Amino acid sequence: YALPIPPSVNALWRVSGRRMHRSKKYTDWIDECLLSLELEQRPQIAGAFICEITVGRPRRKDGSISTRKADIDNRVKPVLDLLQHAGIIVDDANAWQVMVMWSNDIDYCQVRIWEMDG
């Protein structure tokens, strides 16, 4: 799946008074992803799975790659939560292996997922 670059886990939640809720940035990203998945074939994986996530490096407005530090592991949680929300996986706790990497060659998030054998 080719998805928009996920927000960092640091940008997923906001607090208003005593209530915690999804940030606008996070809900906008989820909506955009669901729209891009609309015409995709989606497996329904009930058990253990392997997921490979390749994230395009953040870019400056001029298109050059940002030198700002960013933790790649902060992009995993929103992707796995989205896969569950979209019905592709039943539970992100069933992740057997997750591989995540940056790429200078793409400006989106590439997700590959497959069910574990037996």
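Let's start with the largest pocket: its volume is about 400 Å³. A pocket here is an open set of points on a 1 Å grid over the protein atoms alone, where a 1.4 Å probe fits, with protein on both sides within 12 Å along at least five of seven lines. Lining residues have an atom within 4 Å of a point. Of 15 such residues, S8, K25, P58, R68 and R75 are closest to the centre. By class, the lining has six nonpolar, four polar and five charged residues.

A word on the model. It is predicted, and local features need pLDDT of at least 70, side-chain atom pairs 80 or more, while totals for chains, interfaces and linings use all residues. Numbering runs from 1 along each chain, and side-chain values use heavy atoms, without hydrogens or water.

Now the helices. α1 (residues 24–37) packs on α2 (residues 76–85) at about 55°, axes 11 Å apart. Contact (heavy atoms within 4.5 Å) involves Y26, W29, I30, C33, L34 and L37 of α1, and P78, V79, D81, L82 and H85 of α2.

Notes
Axes are lines fitted to C-alpha atoms, for helices over the stretch in contact, and angles run from 0 to 180 degrees between N-to-C directions. Helices (H or I, at least four residues) and strands (E, at least two) are DSSP runs, numbered from the N terminus. Grid points are joined across faces, edges and corners, and a volume is the space filled by probe spheres set on the points. Ala, Val, Leu, Ile, Met, Phe, Trp, Tyr, Cys and Pro count as nonpolar, Asp, Glu, Lys and Arg as charged, and the others, Gly among them, as polar.
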